Amino acid sequence: MAMEISRNVQNTNLVYSPRYNTNLVDYGIDKPFALDRGQLVLGQLAKEFGKTLDYVEPVELLPSQLNLVHSEDYLIRLHKSEQEWIKIFELKANEYNPHNATMPLMDLFHDISLKAGGTLLASQLALEYGLAANLGGGYHHAFANCGRGFCVLNDIAIAIKVLQADQKINKAMIIDLDFHQGDGTALIFKDDNSVFTLSVHSQEGWPEFKQRSNIDVPIFTGEENLYLSKTQNAINHALKIFIPDLIVFVAGSDPYEKDVLPGTRFLKLSLEQLAQRDSFVIDTATKLAIPLVMVFAGGYGPYVWEVHYNAVKEMLAKTGFLKNN
Ligand SMILES: [Zn+2]
């Protein structure tokens, strides 16, 4: 019996657009971001199952949705100031040459707003199907009034606030397992009792100054063997004291031993450990019947897509979008 992938466009829990793979060269940028993770995941799934999987394409966020999280002043700077973008993407002189650009740096806003819109759309699909993924997004370092650490718009916070404003959810939990602390999201929801923030991250990793989440689990260098138990204990505890209507799973692949960003060297998890991590989160939400949306967040270099591939495949299998015929 061959595996068959559902072909009904209405019937998918994956959100993606070919525009996620932004051609940075058009903007004069020469920096090795792994923007093609969604494409690589879809490509491998197509190879393994013999068919191209369906996905839904998001649209850019509306100004009224951006305003739920970001200050007017910051949004104006994004539209007017090239320097703002150079700062957020930490572009050194040799990584940005406006003379090679065919598009102004500020126009990157549209692709980023689209990817952030993907997190909102995937969250809506999660409420419908139980599990859904945006094959991108997860910009957890963006604050209300500034972006940083390659994060421009806090798509996680925007999605939650839009769903709350639309009265689709009351309470949300963010389970952030990226290598880096989910500091932007933690600060945005610091005084908001309707959103529970949990972050498991490298203590030695950037940012040096950490914000306060509802639960922070610092992992120290050499604690790879404790990572899974610490993560599982924290998630189990969080879900005993807070029952959300939606879980946003920030599934960064940068704790992977094959991640190439020099700053992620403090944590070297194997592909198997990360598969167990992601299975645990997906299983836990499924058992408790809490809708879960997954976003990719950090991950750098040619191999990190392998982590996301395992998690997406598991989600597809669990929701029945990978069908046995
Ligand atoms: Zn990260």
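Analyst: Two strands pair if DSSP finds at least two bridges between them. The model discussed here is predicted. In it, V248 has V293 of strand 8 as its bridge partner.

User: What makes strand 7 and strand 8 a pair?

Analyst: Strand 7 (residues 246-250) is joined to strand 8 by four bridges. Pairing requires at least two, so these strands pair. They run parallel.

User: Where do the side chains of strand 8 point, and are they buried or exposed?

Analyst: In strand 8 (residues 292-295), L292 and M294 point one way, while V293 and V295 point the other way. All are buried, which means under 20% relative accessible area. In a regular strand, side chains alternate between the two faces of the sheet.

User: Why are helix 8 and helix 9 called roughly parallel?

Analyst: Helix 8 (residues 224-241) and helix 9 (residues 271-287) pack at an angle of about 10°. Angles under 35 degrees count as roughly parallel, so the term applies to helix 8 and helix 9. Their axes are 10 Å apart.

User: Which residues make the contact of helix 8 with helix 9?

Analyst: Among them are Y227, L228 and I235 in helix 8, and F280 and V281 in helix 9. The residues of this contact divide into six nonpolar, five polar and two charged.

User: What unit does helix 9 make with strand 7 and strand 8?

Analyst: Strand 7, helix 9 and strand 8 make a right-handed β-α-β unit.

Terms used
Residues numbered from 1 in each chain as written. Predicted model: local features only at pLDDT ≥ 70, side-chain atom pairs only at ≥ 80, totals over all residues. Heavy atoms only, no water. Axes fitted to C-alpha atoms, helices over the stretch in contact; angles between N-to-C directions. Parallel < 35°, antiparallel > 145°, perpendicular 65-115°, else oblique. Contact = heavy atoms within 4.5 Å. Nonpolar A, V, L, I, M, F, W, Y, C, P; charged D, E, K, R; others polar. Buried < 20%, exposed > 50% of the residue type's maximum accessible area, 1.4 Å probe, protein only. Right-handed = clockwise from strand over helix to strand, strands pointing away.
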